[in-house]
Amino acid sequence: MNDTRRLEGEEARIDADRGPRLREHFGRVRAHTIDLVRPLSEEDCCVQSMPDASPAKWHLAHTTWFFETFVLEKYEPGFRPFMPAFRILFNSYYNGIGEKHPRPQRGMLTRPALYEVHLYRKRVNERMEAMFEKHGHEESFRLLVELGLHHEQQHQELILTDVKHLLSLNPLKPPYGGQEREPSAPAGALEWTGFDGGIAEVGHDGNDFCFDNELPRHRQYLQPYSLASRLVTNGDYLRFIEDGGYNRPELWLSEGWDWIRANALAQPLYWESTDAGWSEFTLAGQRRLDVERPLIHISYFEADAYARWADARLPTEAEWENAAAGQTLRQTADEAWQWTQSSYSPYPGFRSPEGALGEYNGKFMVNQYVLRGGSCATPAGHTRTTYRNFFPATARWQFSGIRLARDGSSSLLEKPVGASRRDAA
Ligand SMILES: [Fe+2]
């Protein structure tokens, strides 16, 4: 969420164009969510495949609830909810708002029907239009709407990850539609880019949108380090599997080892080994495994074990951001979220904004790891180099992959000119 501290004491906007632009953007983002569920049947939209995933119908309603609860309720004179019960049904985790329907039981909501949720979206959109007329020029209104739209884009990615998980459980292996990713070009040799380290600025800078967890911008000291120029591919990871990676305890964190043993894991989520070779379930259905493509759908534990096998480690989020800001890396935001070894914790000086919206990010800063970048399922323009995604160490249903790091920069030995250099691995 943007720095909601800026929501207080706001001034009327000077830039008269920003309101209309935001109104157009609102229409596009809300319509894109509808486009994403168009390939789905009503049954697809209702089912919840696991507690971590939500039904598409719930995502449709919850993103609408966000605008109803945080914008309409604040700005609409004589506000009345579309349906009072929705306040509980579609509240995700905001304790400051009140009761919540239990997350693992979102798939039990056969009522409201899907058409009623679509009507809910339509009515709230209409009421938002009226609010744009009256308040589109106000900074506080604009910031809340921006937050709601970035929130909706986060749920657009979740719709895809959750639908993929749901369809993967169907023996028919039905495609969602379209192509999950463009056919890949040869990945090429993995190269290392060295960074001299020193004091780096980390965190969002400037006046455009960011979530509160990207603030405040601050300094961190980095030791010399190197990052892989590209992501780990399916082919790279196959070599780890063939080398007995899942059967070698010395490669695994203790918790990770116990977890793969308890769950009998020996390959990434959605991979399948048959007599005909390896295949993977994709949004386009079951496909032969493309060894050139970046690896996706692995946990932090698997990423960490692979890195150890490769005589490397995962980057810290500060190392990743420092490198990405210098634009020296490929595949930063369009293939896979990249696990870092950084625990998801507050930046120095971070304070959650006041009120229920302060629950957006801050209260999740425990027992999770930061992922950087963005994936093929991330809406265009949604992420930034300072963007901090976060998931528990066992999460695999997100489009999560690996960029390797190593200690030291060979530039220290060879005294190159500039902050970075490449050398073949
Ligand atoms: Fe949400």
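# A tour from the iron site outward

Start by selecting His 155, which is buried at a relative accessible area of 10%. The model on screen is a predicted one.

**The iron ion**

The NE2 atoms of His 62, His 151 and His 155 coordinate the iron ion at 2.1 to 2.2 Å. Along the sequence, these donor residues follow the spacing H-x88-H-x3-H. Colour helix 3 (residues 56-75) and helix 6 (residues 139-168): His 62 belongs to helix 3 and His 155 to helix 6, so the pair ties together parts that are 93 residues apart in sequence.

Is His 62 buried or exposed? His 62 counts as buried, because its relative accessibility is 1% and the cut-off for buried is under 20%.

**Ser 92**

Next, select Ser 92, in the loop that lies between helix 4 (86-89) and helix 5 (114-135). Its relative accessibility is 11%, so Ser 92 counts as buried. Show what surrounds this residue: apart from neighbours within four places in sequence, Ser 92 contacts Trp 58, His 62, Lys 100 and Arg 106. One of these contacts, His 62, is also a donor to the iron ion.

Take the two pairings in turn. Strand 5 and strand 6 run antiparallel and are joined by four bridges. They form a hairpin, with two residues between the strands. To see one of the pairs, select Thr 274, which stands opposite Gly 277 in strand 6.

Strand 6 (residues 277-282) also pairs with strand 7, again in the antiparallel sense and over four bridges. Here, select Glu 280 and look across to Arg 287 in strand 7, which stands opposite.

**Gly 285**

Stay in this sheet and select Gly 285, a residue of strand 7. Gly 285 is buried, with 3% relative accessible area. Which residues does Gly 285 touch, not counting those up to four places away in sequence? They are Lys 173, Pro 175 and Glu 280. For Pro 175, draw a distance between the C-alpha atoms: Gly 285 and Pro 175 are 4.1 Å apart in space and 110 residues apart in sequence.

**Helix 7 against helix 9**

Return to helix 7 and display helix 9 (residues 300-309) with it. The two helices pack at an angle of about 80 degrees, and their axes are 11 Å apart. Helix 7 and helix 9 are therefore roughly perpendicular to each other, as angles of 65 to 115 degrees count as such. Show side chains at the contact: helix 7 supplies Asp 236, Tyr 237, Arg 239 and Phe 240, which meet Glu 302, Ala 305, Tyr 306 and Trp 309 in helix 9. Sorted by class, this contact has five nonpolar, no polar and three charged residues.

Four strands form an open sheet in the order 10-9-8-11, and the pairing is mixed. At its edges are strand 10 (389-391) and strand 11 (400-401), each of which pairs on one side only. Strand 9 (residues 369-373) pairs with strand 10 in the antiparallel sense, over three bridges. Select Tyr 369 to find one of the pairs: its bridge partner in strand 10 is Phe 391. Then show helix 10 (residues 317-325), which lies across strand 8 (337-343) and strand 9. Helix 10 runs at about 10 degrees to strand 9.

**Gly 381**

Finish in the loop between strand 9 and strand 10, where Gly 381 lies. Is Gly 381 buried or exposed? With a relative accessible area of 74%, Gly 381 is exposed. Draw one more distance, to Gln 153: the C-alpha atoms of Gly 381 and Gln 153 are 9.7 Å apart, while the residues are 228 apart in sequence.

Note on methods. Residues are numbered from 1 along each chain as its sequence is written. This is a predicted model: local features need pLDDT of at least 70, side-chain atom pairs count only at pLDDT 80 or more; totals for chains, interfaces and linings use all residues. Side-chain values use heavy atoms; hydrogens and water are left out. Two strands pair if DSSP finds at least two bridges between them. Donors are N, O and S atoms within 2.8 Å of the metal (3.2 Å for Na, K and Ca); water is not among the atoms, so sites may look incomplete. Buried means under 20% relative accessible area, exposed over 50%, partly exposed in between (1.4 Å probe, protein chains only). Axes are lines fitted to C-alpha atoms, for helices over the stretch in contact, and angles run from 0 to 180 degrees between N-to-C directions. Angles under 35 degrees count as roughly parallel, over 145 as roughly antiparallel, 65 to 115 as roughly perpendicular and the rest as oblique. Contact means heavy atoms within 4.5 Å. Ala, Val, Leu, Ile, Met, Phe, Trp, Tyr, Cys and Pro count as nonpolar, Asp, Glu, Lys and Arg as charged, and the others, Gly among them, as polar.
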